[in-house]
Amino acid sequence: MTTIHINYNPFTVETNIIYNDVDLTGTGSLSRFKNERFQVWVEQIIPILVDEILNEVTFTLVFHGTTPDFDDLEEVCKFYNESQGTKIQLEHIHAKETDDKISELAKIVQHMQTGPFESLRNEKIQKDFENAINSEFEIGVIATMSSGKSTLINALLGKELMPSKNEACTAVIAQIKNEKEREGFIAACYDRAGYEIISEIPITAEDMGQFNENENVSTIKIAGNIPGIQSYDMNLVLVDTPGPNNSMNSAHRDHTYRVIKKDSKPMVLYVLNGTNLSTDDDNTLLAAVAEQMRVGGKQSKDRFIFAVNKVDQFDPDKDEDVGRILENVKEYLAKHGIHNPNIFPISAELAKVIRMHQNGEKLTARQKMALGGSILFIDEPKMHLSQYSPISRAAKKQIRIAIKNANDSDDLYGEALYHTGVPSIEAAINEYLEKYALTSKISNAIETFQKIIEDQQMTQKLMEELERNNEERQNMHEQMVRIEKILEDGNKAFTLKAKIQELDLDVTDDVLRVQSKIQKELVSVSGEFNESKITLRQAQNKIERSEKKVEALQSDVLTDLEKITKDYMTNSAKKLIDEYKSYVAEIVDQTGMDSMKFNQVKLLTASMPDADELVNQYTYSEEVEAGEKEVKNPKRKLYKPWTYITQPKYVTVTEYKTVEFVDGVKLRDEFITPVKQSLEDNIDSALDHLEEQKKMLRDSFIIELDLLNEKLGEKVNEIKDLAKNEKSLAEQIQRNEEKKRWLDDLVKRLENVLEI
């Protein structure tokens, strides 16, 4: 039988697909997968192999990699075997397990600080590495009113800490950092400008209630143990964000959209009320989720978990079974453009009270009554909610074992806890952290020093090659002399600066997409006001619904524009860097030394910053919300009674003109026109800001060119001195022998950590 070998290393993000001793990722259609994360392309691999490579449906795939990645491949193969008639056999070569890659990497970086290479002792390397290792990974918890979001968070904490009353009115973000060794919870409070107003103290549910009612508190930073979620040496933060229906703080609503759209792909736990799915508050937010799930492959799907809460309020004896509920949820999400979602039916309330009981917490009479509901989850197979959870085979096996152990030891509540579905959500979070977040953190940490190690390796190999080949050494010396003259002349640098000033990227399509979104949503809002004669109460209801839609749209548009700006700046930085590399390549080509065996452009540009570093270094800016103030609204007119409904409520109005009817069409014009103008102004403002940012980036890079050319000159001079004469080169190689052994040992240690 035909055999294909797939080797995937998630830590270096490198793939080899071997067929007949040929690496298919070297060239051809599979080459684009070489350095792409496995989950981005795993769903594409089978049809490519069947249609383009093998022209057959029966073959064996041997996968060398981690268990989470193998589980994803197994899921894809199962789909094609069952639905497309393929006959794929799978074999798994397990990856080498390393107990703690992050701590081993930290030891390597510490070792670099005492090594013989000054470039590897750089304080910036240490700082960048620490930033990569200590970066926070966010799990955003979002929901609409009365979904039971706070109850679910309390279930995850095993403690009633988050207040659940008046959920729609809260305007506070709670950030819960997972600290495994901590007993109890501590918290500090911050105002809108980010200043600490309540210092870190041990907290109770009563304290949290007071913090939430304090109008000066904008953010609560909490630390404590989240027992069911692994930390994997990561700074994991569970973020409880006010729902999209909250209008008290637009910055918090904006934050929710930012989490959904982040390039770093944090997890999003979206809590739905199983008893009341269809709400206007969901519409815009779910559309933003759908947009993100359409790009980025399997990872973009895995990062969104839809928790359908309050499943225990349905009666299985009345044909209200979980399967039917899940079908309703799928149909509901499909209407919003979300297909094949990860849906987890749960009973957050029961999970919470079981864990409180297990932790020795005092229960109220109502909570004791809820605890009695455990019997239903034990006796009724349809209420074994873990069976419906879309988690891996390995995770399901672990849960089945835990259920059996609880049953064997007559632990009624322990068994019921797994049937609530909440531990399945924790298993899904743990799998995502292990599969994506941990490997990304390791990859980012490695990138902080790998480029410099490669630069040193290239220099060492260059020295050895020049010593072996006298003719090439002489050629290299001549070439470096010529490059020095070109750099000193400065004409090519002048041409490059002129070219960079003209460099631009087109964002027209991105802006048109945002404008199309605005137009589509405003058409929907306009539909509320088609009647020419409506009562004042009807007008108020329509305005309230429309205001919520517009507030959500404003956050959606704002975060779209932010992302357009960020992507534009990053792509511009990449083009600037590419232009400089082309400039160096032209200089190298101009010297006429085509016979050289080295990638001289890579050697000469090794010290260049990457795109993100360039953007952050020269164009980083941050806006801090300074607060709001009330002003009198001049657009509210006594002779236009509907303006008391349509205009923003910055001043308190206790009485309205007595009118029996309102003209809905005029009301629409009064409402829609300023909203549309405001959103268009936002786009114009964003484009003006983009112009300023890209000019700043270009100007900064032109200033940076002198520094880059200075470093290039130093590198050229270093290579020229190496190639000057055979005797001095041999002496330097001898002096560097110890440095070379140290570098080889460092590379070997790094490879041992990263190998699978």
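This is a predicted model: local features need pLDDT of at least 70, side-chain atom pairs count only at pLDDT 80 or more; totals for chains, interfaces and linings use all residues.

**Stop 1: a buried leucine**

Select Leu462: it is buried, with a relative accessible area of 1%. Buried means under 20% relative accessible area, exposed means over 50%, and partly exposed is in between, using a 1.4 Å probe and protein chains only. Leu462 sits in helix H17 (residues 422-468). Helices (H or I, at least four residues) and strands (E, at least two) are DSSP runs, numbered from the N terminus.

Residues are numbered from 1 along each chain as its sequence is written, and side-chain values use heavy atoms, with hydrogens and water left out.

**Stop 2: the five-stranded sheet**

Select the strands in the order S3-S2-S1-S4-S5. They form an open sheet with mixed pairing. Two strands pair if DSSP finds at least two bridges between them. Strand S3 (22-23) and strand S5 (87-94) are the edges; each has a single partner strand, so one side of each is left without a neighbour in the sheet. Strand S2 (residues 14-19) pairs with S3 in the antiparallel sense, over two bridges. Find Ile18 there: it stands opposite Asp23 in S3.

Next, show helix H2 (residues 45-54). H2 packs on the sheet, touching strand S1 (3-9), S2, strand S4 (58-65) and S5. Contact means heavy atoms within 4.5 Å. The direction of H2 makes about 130° with that of S4. Axes are lines fitted to C-alpha atoms, for helices over the stretch in contact, and angles run from 0 to 180 degrees between N-to-C directions.

**Stop 3: the nine-stranded sheet**

Which order do the nine strands of the other open sheet follow? It is S9-S8-S10-S7-S11-S6-S12-S13-S14, with mixed pairing. The twist averages 20° from one strand to the next. Select strand S6 (residues 136-143) and strand S12 (residues 267-273): they pair in the parallel sense over five bridges. Val141 stands opposite Leu269 in S12. Helix H6 (residues 149-157) packs on this sheet, with S6, S12 and S13 among the strands it touches.

Move to S14 (residues 342-345). Asn342 and Phe344 point one way, Ile343 and Pro345 the other, and all are buried. Strand S13 (residues 304-309) runs parallel to S14, joined by four bridges. Pro345 is the bridge partner of Val308.

**Stop 4: a loop serine**

Select Ser392, in the loop between helix H14 (374-379) and helix H15 (393-408). Is Ser392 buried or exposed? At 14% relative accessibility, Ser392 counts as buried. Leaving out residues up to four places away in sequence, Ser392 touches Asp71 and Glu431.

**Stop 5: a helix pair**

Show helix H20 (residues 508-526) with helix H21 (residues 536-590). They pack at an angle of about 175°, with axes 11 Å apart. That makes H20 roughly antiparallel to H21 (under 35 degrees counts as roughly parallel, over 145 as roughly antiparallel, 65 to 115 as roughly perpendicular, the rest as oblique). Residues that meet here include Val514 and Ile518 in H20, and Leu553 and Leu561 in H21.
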